Amino acid sequence: MPSLILKVYSLLFKYNLKRQLQTLIQSPVSVSDPFNGVVSRADESIVTSNPTFSKDGVATKDLHIDPLTCLSLRIFLPQSALISSTNSVAGTEGAYGGYQPDINGKGCKKLPVILQFHGGAWVTGGNDTASSDVFCRKLAKSCDAIVIAVGYRLAPESRFPAAFEDGVMAIKWLAKQANLAECSRSSLDKRIANGEKYRGRQIVDGFGASMVEPWLAAHLDPSRCVLLGVSCGANIANYVARYAVEAGKLLDPITVVAQVLIYPFFIGNIPTQSELKLANSYLYDKATCILAWKLFLPETDLDLDHIAANPLIPGKETPLNLKHMPPTLTVVAQYDWMRDRAIAYSEELRRVNVDAPLLDYKDAVHDFATLNALQKMPKAQACLEDISIWVKKYISLRGNELSY
């Protein structure tokens, strides 16, 4: 059973979350407006980015890639990207006081990328909150990968499909970055071959808004992309994975090799056994989560079998043949009322021969591995290690020799 401390913390957490949701329900904002995008709440603990390699060996940088929707990204770059003496931290301080890789990216270690979507019941959280920042730093070091945390728009200011569209925009931007970087390198190599000197020119798009991001240009390996979502972020990750399958070569050179769904925020009209038995479970009870779904879904009759909420709607065909989905690791907790639907989705993926293992943690609650107050617990650390072992099976340059 969860500890007494966790039980007390859960009561306070649920009380504050319910009060916040009720305040938002009474808010005058009632329609989605791209100019009204909100990606974090004022009362949440925010961690500023640090573009130098700090004590934990991870540098961070914030980007805003769409001024209309306020879509933001935080890049987490592990110090393992520095593999040569010319790339030492002391010698690569840019004008803004941050790490600057070699101009052409040569001699820089290429790393896989993990596109991460935070949780927060659609209405809270952010890519710069304390919980997300700590988790993504640990993830970047554990997997030896670039982590890009997506700050998607929150409800009720932006309802469905805003968050899903932001997820798609993030992976499309990543593909564009990979292409711009390759064009920039080819252009530089051509000028060097012709005896020209580099004068700091960069390849940009038609409006000059999408300049090459130097960290990604130097270190990104687009052939090894993993999608990872936490709670409602897992719903977004799964949607983006479906989009990537349908888009095919339109996302070249980005290749999604795997996805990780950490206690996904699935629900449905017909309650499952866990929804009945654990309706008043820790941190996120079902009644409070239904309030969150009311704030997120379109302002019509509440349909919990909506495509955003239920991946396996009874009596309806799935939007995509699941056998084409990437390998999918699903994490569930024993005392989480959402567990049954996540397990059912994982079983359905395995039924069509997708590599879809399930990690079921005993005596664990929803958000046990990613909430800042719980991340130092042994169970959270074990979960991160288990995720890293499985992910490395698909991002290893040597092949799939790592066993799960």
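Predicted model: local features only at pLDDT ≥ 70, side-chain atom pairs only at ≥ 80, totals over all residues.

Me: What does R74 form a salt bridge with?
Reply: With D133, and the closest N and O atoms are 3.0 Å apart. R74 sits in strand 2 (residues 71-78) and D133 in helix 2, so this pair ties together parts 59 residues apart in sequence. Helices (H or I, at least four residues) and strands (E, at least two) are DSSP runs, numbered from the N terminus.

Me: Is R74 buried or exposed? And D133?
Reply: R74 is buried, at 1% relative accessible area, and D133 is buried at 4%. Buried means under 20% relative accessible area, exposed over 50%, and partly exposed in between (1.4 Å probe, protein chains only).

Me: Which residues are linked with R74 and D133 in a network of salt bridges?
Reply: D56, D62 and R137 are linked with R74 and D133 in that network.

Me: What about D144, which side chain does that one meet in a salt bridge?
Reply: K109, at 3.0 Å from N to O. D144 is in the loop between helix 2 and strand 4, while K109 is in the loop between strand 2 and strand 3 (111-117), so the pair links distant parts of the chain, 35 residues apart. D144 counts as partly exposed because its relative accessibility is 25%, and K109 is partly exposed at 25%.

Me: And R351 with E348, how many residues apart are they?
Reply: Three, in helix 8 (residues 339-351), which means about one helical turn separates them. R351 is exposed at 57%, whereas E348 is partly exposed at 23%.

Me: Where is H306, and what is it in contact with?
Reply: H306 is in the loop between helix 7 (286-296) and strand 7 (328-333), and it counts as buried at 17%. Leaving aside neighbours within four places in sequence, H306 is in contact (heavy atoms within 4.5 Å) with F160, L297 and P298.

Me: Where's F160 then?
Reply: In the loop between strand 4 (146-151) and helix 3 (162-193). F160 and F296 are 136 residues apart in sequence and 5.8 Å apart in space, C-alpha to C-alpha.

Me: Last topic: which element gives the most to the lining of the largest pocket?
Reply: Helix 1, with eight residues. The lining has 33 residues, with F13, E44, T124, G125 and L371 nearest the centre. A pocket here, on a 1 Å grid over the protein atoms alone, is an open set of points where a 1.4 Å probe fits, with protein on both sides within 12 Å along at least five of seven lines; lining residues have an atom within 4 Å of a point.

Note on methods: Residues numbered from 1 in each chain as written. Heavy atoms only, no water. Salt bridge = Lys/Arg side-chain N within 4 Å of Asp/Glu carboxyl O.
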